[in-house]
Every structure is written in C-alpha cells, then in structure tokens.
Amino acid sequence: MYDVIVIGAGPTGCSAAKELASNGYKVLLVEKMRMPRDKSCSGVLIKKSMDLVRKYFGEEVPQSVLCTPTDNRGMVFTNDKGQEYRFEQEGLNIWRSSFDHWLATKAEKAGVEVRQATAALSCEEKENYVIVQLKGDKIYCETAKIVIACDGAVSTIKRKLLGAPRNYITTYQTFCKGTIDLDYHYFYAYLQPQLSEYDAWFNVKDGYLIFGVAVKDTNTIKHYYSEFISYMSSHNNARIDDQVKTELWIMPHIMPGCPIDFGKDRVLFAGETAGFLNPMGEGISCGLESGYASAQAIQQAYIKGQEVNTQMLYSVYQANTVAVKNYMERQWRFVSSISSTFAHMK
Ligand SMILES: Cc1cc2nc3c(=O)[nH]c(=O)nc-3n(C[C@H](O)[C@H](O)[C@H](O)COP(=O)(O)OP(=O)(O)OC[C@H]3O[C@@H](n4cnc5c(N)ncnc54)[C@H](O)[C@@H]3O)c2cc1C
C-alpha cells in the first residue's frame, strides 16, 4: 500500500510527488510514456515558474533543458484592433521533454518511486483506500490511501470519475525553417478573431520558427492557420522555407470564472486535470503550484498510520489554491479587457 499514487509526470505530478516523498510519504509516480517524452508546448518558463522551481526543487533550472534563445524577455499581445501590449519580464526558453524529465529525476532523488511506460486506467474507491488499475507490460493493480490525478487535459481518470469531459481547445503548431522580422526573445500572441478561435502565437526555439493557432472546431484549423501565416507574411515579413514538424494537442478551454474540479473522494485532481491554466495558455506555473498545494493538503489531512480526513483534505486544498485561482481570474479580466474574442465568451 502506497500513501499516495500520483498519476502523470508533468510539472504538476512531479511537484506533488517530490513534496510528499521529501516529507516521508511512500509515493508512486506513474507516467504512461517513457521519459524524456514530448509535450506540445511553447516552452516559455515565466519568472513565476522559475521561482517555483527554485522553491520546490531547491535548484535553478539547468542549462541542459534550455533551447536558444535561452532567455525569454517577455510577451507581446496584439488585440483584435491590432494594438500591441508589450510585457517585459525575465523568463526561460525550455524544451518540455528535457525539463519534465529533469523534474521527474529530482522527484526520484527525493524518494519517489517513478514507474515509466505505465498508464493508469482507472481508480476504484474502497472504504479507506483506492485501487489504481495500471497498464505496463501487463494490467495489474496498486493501492494507495490517496491518489492525485495529474494526467493533463485529457485525463482518463477524471473522465471516468466525473463523466463527460469539459470544453477543450485544440492547438496546432508548426516548426518551420525560414525568416521573420520579429525579436526571437519574445513570445507573440495574437487575439484577432480572424486568425483563430482563441489565440494564435509565434515563438522561436533552436532556430525553428513556431506558428500556432488554437481552435474550438478542428475542421477550421487549416483555414485559421493559413490566415495566420498570411498575416505574419504581410505584417512581419515571415518567409517559410521548410515546414519540419507539426503538432496537434488539446488544452482545457478556460471559461470566465475559471471553474476548478478539485477531485472526487480520495482522488484529488491537480494541474490541467483540475482546470488550473492561465487563460492565455500559460500552465506550468499553475501546475507546479497546484501540485504542491495538493501535496501540502495531504500532509495536513493524512498523518501516516491514521485515517485520512477527506473533509480537511478538500478544505485545505481549496484554501491553498486561492492565490493561483485569483491569478487566473486576473488574467481572464485582462484578456477580456483587450480582446472581444474573450469578452464575448460565455
Ligand atoms: C501548444 C501549447 C503551448 C503551451 N505553451 C506553454 C508555455 O509556453 N508556458 C507554459 O507555462 N505553459 C504552456 N502550455 C500549457 C502547459 O503545457 C500545461 O498547462 C502544463 O503542461 C500542464 O501540466 P500538467 O502536469 O498538469 O500536465 P501535462 O504536462 O500534460 O502532464 C501530464 C502527464 O501525464 C501523463 N499521462 C497522461 N495520461 C496518463 C495516464 N492515464 N497514466 C499515466 N500518465 C498519464 C502524460 O504523458 C504527461 O506526462 C502550453 C500548452 C499547449 C498545448
């Protein structure tokens, strides 16, 4: 019997697992992929994420996970009237495959048992523990007092426990060789409704020009992507010589009020599984913070050798995530104040 089984070794799962193991809990972290694994992401680590990594993992983000240009200097938003908003802030440019692998290694060093290539299929609640069905080379079960589902936006576990999935946004991005008249140190987001159904973006990693669009209806990807490329050619002189790679992903569609699903009984949700994601798609800081908050709630509600106080578990977890939820709501108010796409969203 584990104290806690954490499902998913993204930033959320790694921060939760590491915090618990560092405090003497017996923790199993299961990850369905073999690491380092790919995760579609712009890989901008904002200052808040850098600070959280230092606080939770006790180290600076290592050079080995960075790509060029290594420093991100901020974000430039263009609203639906073509007006630019520039935010200067120190940040880093990372590859998620190596960043998440590094976090998982740090969790392992803190005492977490990390089991890769192992997917969680379901969680079955018993009177005072949870049975987690796992699929590695074969299908088998492990048990824990508490589970934290950090299996991302698509979360199998949440879908099975709560039924119908919530709203999703589909993201499509291409990695291209070419040239453009923009500063590679910034992340550019475009909120014009003719360019996407959510936002469109541009950034650079290791010489790849990355163009992305987010849509609600996947049938519209081709249309919006081609509108966005035309816009980038005419406004920023983009010239694409070669398209090397494409990526399709999903993320939760964050709605006004930023509703969160905290979990069900002994299965907590954290990170994107719970709905923690900033409306502009920045989710690493929310993942790190909510993973850590769930681990702290467990430490208060479950003293080893005693029974879990589930009521306390949820009240502490909710209290510990008030700040991150307020941050999401502030961001929501900002984007809806500059863009009609967000202002009109119901
Ligand atoms: C195109 C795009 C660009 C983005 N850019 C940025 C950015 O620049 N900066 C930023 O901060 N955020 C960005 N985000 C958001 C960010 O990627 C997410 O919010 C963040 O990764 C959420 O972390 P997580 O740990 O909750 O989930 P994830 O990172 O999705 O991790 C979930 C993990 O669970 C594993 N898993 C899934 N199912 C199972 C299962 N059944 N059993 C076991 N393991 C499982 C997955 O393999 C994965 O490793 C972007 C997102 C997208 C889609």
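This is a predicted model: local features need pLDDT of at least 70, side-chain atom pairs count only at pLDDT 80 or more; totals for chains, interfaces and linings use all residues.
Let me begin with the ligand: 35 residues surround it, and the closest are T12, E31, R37, A120 and E272. A residue counts here if one of its heavy atoms lies within 4 Å of the molecule. Residues are numbered from 1 along each chain as its sequence is written, and side-chain values use heavy atoms, with hydrogens and water left out.

For P11, a polar backbone atom is 3.4 Å from an oxygen atom of the ligand. For K32, a polar backbone atom is 3.1 Å from a nitrogen atom of the ligand. The cut-off for such polar contacts is a pair of N or O atoms within 3.5 Å.

P11 also brings us to the helices. Helix α1 (residues 11-22) and helix α3 (residues 96-109) have axes that come within 9 Å and cross at roughly 15 degrees. Helices are DSSP runs of H or I with at least four residues, strands are runs of E with at least two, and both are numbered from the N terminus. Axes are lines fitted to C-alpha atoms, for helices over the stretch in contact, and angles run from 0 to 180 degrees between N-to-C directions. α1 and α3 are therefore roughly parallel to each other, a term for angles under 35 degrees. The crossing of α1 past α3 is left-handed, meaning that the near helix is turned anticlockwise from the far one by less than a right angle. In the contact (heavy atoms within 4.5 Å), P11, C14 and K18 of α1 meet R96, D100, L103, A104, K106 and A107 of α3. These residues divide into five nonpolar, no polar and four charged. Nonpolar covers Ala, Val, Leu, Ile, Met, Phe, Trp, Tyr, Cys and Pro; charged covers Asp, Glu, Lys and Arg; the others, Gly among them, are polar.

The second pair is α2 (residues 47-57) with α6 (residues 284-301), packed at about 30 degrees with axes 9 Å apart. That angle makes α2 roughly parallel to α6, and their crossing is left-handed. K48, S49, L52, V53, Y56 and F57 of α2 touch I284, S285, L288, E289 and Y292 of α6. By class, this contact has seven nonpolar, two polar and two charged residues.

I close with the backbone. Most residues other than glycine have a negative phi, and most peptide bonds are trans. Where do the exceptions lie? A cis peptide bond joins M35 and P36, with omega about 0 degrees, and P36 is in the loop between β2 (27-30) and β3 (44-46). The bond from T68 to P69 is also cis, with omega near -10 degrees; P69 belongs to strand β4 (residues 66-78). D206 has a positive phi, near 45 degrees, and sits in the loop between β12 (200-205) and β13 (208-215).

How values were computed
Angles under 35 degrees count as roughly parallel, over 145 as roughly antiparallel, 65 to 115 as roughly perpendicular and the rest as oblique. A polar contact is a pair of N or O atoms within 3.5 Å; within protein, one must be able to donate a hydrogen and the other to accept it, and residues adjacent in sequence count only if both atoms are side-chain atoms.
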